[in-house]
Amino acid sequence: MGVLAGLNLDLPILQAPMAGVSTPAMAAAVNAAGGLGAIALGASDPSSAARMIAETRERTDRPFNVNLFVHAPPKPDPVREAAWCEALRPAFAAFDAEPPATLRAIYPSFAQDDAMLALLVEVKPAVVSFHFGLPDQARIATLKQAGCLLLASVTSLAEAQAAERAGIDMLVAQGYEAGGHRGVFDPDATDDRLGTLALTRLLVMRTRLPVIAAGGVMDGAGVSAVIALGAVAAQLGTAFIACPESAADTAYRAALMGEAAAHTVMTRAISGRPARCLANRFTALGEGLTAAVPDYPIAYDAGKALHAAAMARGEGGYGAQWAGQGAPLARVMPAGELVRTIAGEVRG
């Protein structure tokens with residue numbers, strides 16, 4: 001725990017920053033129980049990000065993690081995007097809706113978001129984490145000068161070594177079991193699909209940075225396993241989706257607690273990037289489509305539109321119901337109680 005002492009943590013448990021699921025209330029509850037809470041800013045503009053940070057600080061005086069997306073800026077392709085919308089047209093028609101006339105990148109990458117960088121320099125969050133890649137050296141230096149501890153999700157030794165060279169402080173080893181978006185730096189490169197245990201041990205042995213294990217960890221036994229492999233902590237995401245502090249909707253919660261939890265699927269169809277999701281109507285649709293998926297997050301514009309059209313007719317099966325392979329082990333309890341329960345399992 002020495003490496004995490006500066007974060008005022010009592011437990012080696014981090015709550016994953018899940019866009020659309022994690023909330024200031026969740027982060028504060030995790031903090032109060034002795035873990036490290038997190039909020040996701042990757043899909044937020046600077047004004048909403050500022051509000052989320054302020055609300056979280058109102059709820060907790062402990063450090064928390066703010067997460068940003070550092071994906072390669074998408075390449076617009078009107079022909080491919082039109083073909084994708086056309087491929088989705090029958091699904092929209094089932095809800096008496098039309099696909100979007102055009103698609104757009106629904107949020108920028110932190111790699112180009114100077115306004116978000118300026119906000120972080122102003123508010124100086126204790127921990128800043130990156131997903132999908134690394135910012136340039138100037139941004140990293142600026143955040144370090146602001147006193148931020150920097151974390152980066154990595155899925156391979158090569159990505160971890162790049163993070164180490166860039167000056168990142170800690171690695172989040174994201175195994176293939178993990179729910180939500182795969183953190184690969186290049187989604188079109190070969191993915192060795194390393195599991196959490198193999199990746200964690202590899203990074204512990206082959207890098208000098210502290211490693212936080214993420215993917216498939218749902219309880220104290222999982223936390224104990226990754227600690228035994230040399231990780232300094234575990235990051236859990238799916239475990240917190242069913243908590244009352246979660247922003248997950250009713251359909252998402254019902255799917256998580258049902259049969260779909262046993263059949264997660266890695267899909268690009270929803271957002272344009274590989275992401276592990278509960279098996280639902282959108283993942284089934286994606287498996288049958290042959291049209292090329294637009295770049296992330298342009299494709300997500302269509303995905304969110306289809307979800308909205310379906311929800312308007314009472315169908316919740318087209319949502320981004322991200323979840324990892326440990327989903328059947330999900331428990332319904334407040335976030336703080338969950339952290340304390342997991343801690344008791346570790347000690348047991």
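How many nonpolar, polar and charged residues does the lining of the largest pocket have? The lining has 26 nonpolar, 22 polar and two charged residues (nonpolar: Ala, Val, Leu, Ile, Met, Phe, Trp, Tyr, Cys and Pro; charged: Asp, Glu, Lys and Arg; polar: the others, Gly among them). The model is predicted, with local features needing pLDDT of at least 70 and side-chain atom pairs pLDDT 80 or more, while totals for chains, interfaces and linings use all residues. Residues are numbered from 1 along each chain, and side-chain values use heavy atoms, without hydrogens or water.

The largest pocket holds about 890 Å³ of space. A pocket is an open set of points on a 1 Å grid over the protein atoms alone, where a 1.4 Å probe fits, with protein on both sides within 12 Å along at least five of seven lines; lining residues have an atom within 4 Å of a point. A volume is the space filled by probe spheres set on the points, which are joined across faces, edges and corners. M18, A19, G180, H181 and W322 lie nearest the centre of this pocket, among 50 lining residues.

F69, Y107, F132, Y296 and Y300 form one aromatic cluster. Rings of Phe, Tyr and Trp (its six-membered ring) pair if their centres lie within 6.5 Å; planes under 30 degrees apart are stacked, over 60 edge-to-face and the rest tilted. Y296 and Y300 are both buried (under 20% relative accessible area, 1.4 Å probe, protein chains only). K304 lies over the face of Y300, at 4.3 Å from the ring centre (NZ of Lys or CZ of Arg within 6 Å of the centre and within 35 degrees of the ring normal). R276 lies over the face of Y176, at 5.0 Å.

Conventions
Buried < 20%, exposed > 50% of the residue type's maximum accessible area, 1.4 Å probe, protein only.
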